[in-house]
Amino acid sequence: MLRYTVVRGGLGLLTVRRACLSPRLTHSAPKTEYRPIKKVMVANRGEIAIRVFRACTELGIRTVAVYSEQDTGQMHRQKADEAYLIGKGLPPVAAYLDIPDIIKVAKNNNVDAIHPGYGFLSERADFAQACADAGVMFIGPSPETVRKMGDKVEARSLAISAGVPVVPGTEYPITCLQDAQVFTQTYGFPIIFKAAYGGGGRGMRVVREYEVSPLWLAVHGAHRQIQIVGYENAGTVEFLVDRHGKHYFIEVNSRLQVEHTVTEEITDVDLVHAQLRVCEGRSLPELGLRQDKIRVNGCAIQCRVTTEDPSRGFQPDTGRIEVFRSGEGMGIRLDSASAFQGAVISPHYDSLLVKVIASGKDLQTAASKMSRALAEFRVRGVKTNIPFLQNVFANHQFLHSTVDTQFIDENQELFNLKPTQNRAQKLLHYLGHVMVNGPTTPIPVKAKPSSIDPVIPPGDPPVGFRDILLRDGPEGFAKAVRAHQGLLLMDTTFRDAHQSLLATRVRTHDLKMISPFVSHNFSNLFSLENWGGATFDVAMRFLSECPWKRLQELRALIPNVPFQMLLRGANAVGYTNYPDNAVFKFCEVAKENGMDIFRVFDSLNYLPNMLLGMEAAGAAGGVVEAAISYTGDVSDPMRQKYSLDYYVKLADELVKAGTHILCIKDMAGLLKPEASKLLIGSLRDRFPDVPIHVHTHDTAGAGVAAMLACAEAGADVVDVAVDSMAGMTSQPSMGAIVACAKGTKLDTGIALEKVFDYSEYWEVARGLYAPFDCTATMKSGNADVYENEIPGGQYTNLHFQAHSMGLGNKFKEVKKAYTEANKLLGDLIKVTPSSKIVGDLAQFMVQNNLTRAEVEERADELSFPLSVVEFLQGYIGIPHGGFPEPFRSKVLKSLARIEGRPGASLPPMDFQALEVGLRAAHGDEITPEDVMSAAMYPKVFQEFKEFTANFGPVDCLNTRLFLDGPKIAEEFEVELERGKILHIKALALGDLNKAGQREVFFELNGQLRSVLVKDTVAMKEMKFHPKAQKSIKGQVGAPMPGKVEKGQPLCVLSAMKMETVVNSPVAGTVKVVYVTADTSLEGDDLIMEIEE
């Protein structure tokens, strides 16, 4: 837990020659024979062993280390002149308690004296006696003194007989509840139970109600340590000090104290030197140590930096130290254990990494040095208590007031820990993972990203259409659009173009690179479509980046062009229904983050769903662009379901509802030039003052002709994509439209040469996404889209899927099945999610070799895809013309049917409760944008947060590194933020180890770094303990590494002298237990499954 010691004022010296507990505690001892020490063994490990070795080296004494089988890699054995294994075959702690083996090693290697350190055997009288019997000096008190001081009851009796004040306590160790009750009836609660003969590292326990623990001594009060002159060699007497300054004896530790460094810093006395010299037979006067000569200089503070997690009750953490950088400088002393890069922290021993001692003229000076030193530390790979310690040194009470044993309880803000960023090391983990296991995002085709980075053209930003929007509001903006001379363009390159051609995989990194050029040279664009639709979840799911951050960063780079997004009506940016308040809140947050125009549509043109989305966008202050999804052919008199009259009547409703702009959304590219004239001409005649915006895809190759026909018929805006991202299932070519309109009444005002420059960037950038490019399997568009009516993006996806399943030669059959599935479902408007429903049914028919007639005939017995069933139930709304009967009734049978708007019956979403849950799971860095991401896609957001927690800000990497990782010996830079640039070089890829990992080596800012990466392919063939899945409440994972012991309520984990009770997270029945007693576990290893 909290381990710091502050010493200031007139404290006495720790080391003396023979003395006993008496009121004076200072009488002299008889002269003893001088026996020089030439070789010292330390029967201990870690920091204290190293501390003694250093003192011995300074005095010219040869050193010997001992180590257990688990400590072969520890630093203390390297710091000694000689090192020997002890306790072979014994458990980790037992090895250091093996007295016969330790004595044997000492005798075999001519050791003169043994220093016990602290802990382990340091207060064992039998060890001190064994040393004496073997003729080896014990650097500490005599065996009899150790025995007396180790008996807490006898030590207490000695203090009483010497007239030293003591706190109320039991005279003898209690053995039953009745004894404790008698004591508490006299002195009340709280009390402290303390082990009468040592607690094995468990410490004192505060008891606030009746408990019993055999052989424990109860004491009462508040705790502080002081060090005094006392007896032969080193020892520490512990007292309690009350608020009035009165002190009360607790116990004597007959050894060097953990906090001895504080005494050394303020007295300038090397206590270990003194221990060694006293053991040799030197007197205190010979060492120049007299009590009246001891002077206290300033103040010193010690912090124990440990691998403990304060947020989890200071549970020990284990693992490999990937990065270690200490705090140093004037006034700082470091006594380290095995704190170095590559060190493995095991669960077997104390969790100390390093003791940091700060000294200064007063408390404030020492505290400021300590705070600075702690801030300089960088420890990666394991959790530490440094954030907690930093909070302590920022606490006003600690720095300026009296601190007592209730300090932590009364200052719970100490546990408001600032999370460490650790960005560089996380990025190395990601790069190593890609180098070992390949891309983290699914790759449709085997193609490598281009090795050529795109060149960014220069330019300066002028005023754009967004300035009109900000000045005049949505209504004024719509009027300006309608009054504009010439054709306006919306550029879809930032969203729908790459959604259609590159599986929505274009990253924010590449969008940001070209954004300044767009801002500078395309300020007269109507808008830039860059958000919403599939990009929202794909950003988190496959690109591991925040969609909101994309919006924020693009807004900062393009302040003058309006941004446009695709809103799926009542479905927002999801594929399901949300409570109404969720849709409203989403639009509000989107507008606050820089969104301007909301293109609102519904996949079935279901008016109630559209009206909700329009109302939400309008309430947020956005420009509402109501979009009618187009299907069929208004120029074909034989196709009457979606006739011209249907579209005009629907447009009437949307204009009445207050849309600022009317849009025709031709998601499959079905608008032919003649149909374009007919539809747009009719809408222009009907609504002369309403701006009309047309969207299409160029799958059939007639997109440019259709959009020019729309413009001639009265459309104000048409959608285009830059040339190298246009055509096929994307939008028509920007360059073609600009060139065709130039010099006519439709002139766009866009410089054609700037389009060429813009296109050149994307031509090279597109090469980075070769693994996702539709041209890997699809070489051209196809006019058969007029028959199958497959939307652009879905056409690409179906083509990929057919080839990935080995059905590339049967894609024609897939398209035919799509046509038949559409007819089965009643001839739907097809756009996400309705297009997916048709696609799912088509694939179901192909996989099961079913015709339309067979599906209709066997509808009551077939197991249809869930999306089809839910559509027929009414989950996404009611299609134009109603549901197909009797097909619907045969499929649903007795299943429930939803009447009316699906989201209307959903209860409001509790955003406050959602935020509380997110903060509990991911910390206090949760933003309002995060809350909305979790509201839209709970599981995807959870996985995204887990990914970024492990791999850091991967959006800082360029696309080739993100997808393919670096090549060996490649050097590159990564800009984390302005002024923080990482210089990285990939060095080597290691062999597979027994844990299924490979070590990947890098050079980071000139320093060697390495990360261990699990080889996912190799691990499939290796057996490991299963890990608990955080998303499943009934799976109980180990909160820390350790061993399982019997106990209640579920089990007890023991590690590093710490026991942790694992409680059930849910009420239920234990289904499977994965552990037995003495099972060794790592963090998050699965312990059991509980069925709720």
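## Aromatic pairs

Two rings of Phe, Tyr or Trp (its six-membered ring) count as a pair if their centres lie within 6.5 Å. In this predicted model, the structure holds 37 such aromatic pairs.

Let's look at a couple of them. Phe324 and Phe377 have ring centres 6.0 Å apart and planes at 80°, so they meet edge-to-face. Phe324 belongs to strand 19 (residues 323–325), while Phe377 sits in the loop between helix 11 (363–376) and strand 23 (378–380), so the pair ties together parts 53 residues apart in sequence. Phe377 is buried, at 5% relative accessible area.

Tyr430 and Phe947 are also edge-to-face, because their planes stand at 70°, with the centres 5.9 Å apart. Here helix 15 (residues 423–437) supplies Tyr430 and helix 37 (residues 938–951) supplies Phe947, so parts 517 residues apart in sequence are tied together. Tyr430 is buried at 0% relative accessible area, and Phe947 counts as buried at 14%.

## A cluster, and charges over rings

One aromatic cluster is formed by Trp531, Phe536, Trp548, Tyr575, Phe586 and Tyr937. Elsewhere, Lys672 lies over the face of Tyr786, 5.0 Å from the ring centre, and the charged end of Arg888 sits over the ring of Phe883, 4.0 Å from its centre.

## The annotated binding site

An unreviewed UniProt entry gives the annotation "binding site" to Arg568 and Thr832.

Arg568 is buried at 4%, and its contacts include Tyr575, Thr832 and Tyr937. Thr832 is partly exposed at 24% and touches Arg568, Tyr575, Phe601 and Ser603, leaving out residues up to four places away in sequence.

Technical notes:
Residues are numbered from 1 along each chain as its sequence is written. This is a predicted model: local features need pLDDT of at least 70, side-chain atom pairs count only at pLDDT 80 or more; totals for chains, interfaces and linings use all residues. Side-chain values use heavy atoms; hydrogens and water are left out. UniProt positions are given in the numbering used here, feature names are shortened, and annotations may be inferred rather than shown by experiment. Buried means under 20% relative accessible area, exposed over 50%, partly exposed in between (1.4 Å probe, protein chains only). Contact means heavy atoms within 4.5 Å. Rings of Phe, Tyr and Trp (its six-membered ring) pair if their centres lie within 6.5 Å; planes under 30 degrees apart count as stacked, over 60 as edge-to-face and the rest as tilted. Helices (H or I, at least four residues) and strands (E, at least two) are DSSP runs, numbered from the N terminus. A charge sits over a ring if NZ of Lys or CZ of Arg is within 6 Å of the ring centre and within 35 degrees of the ring normal.
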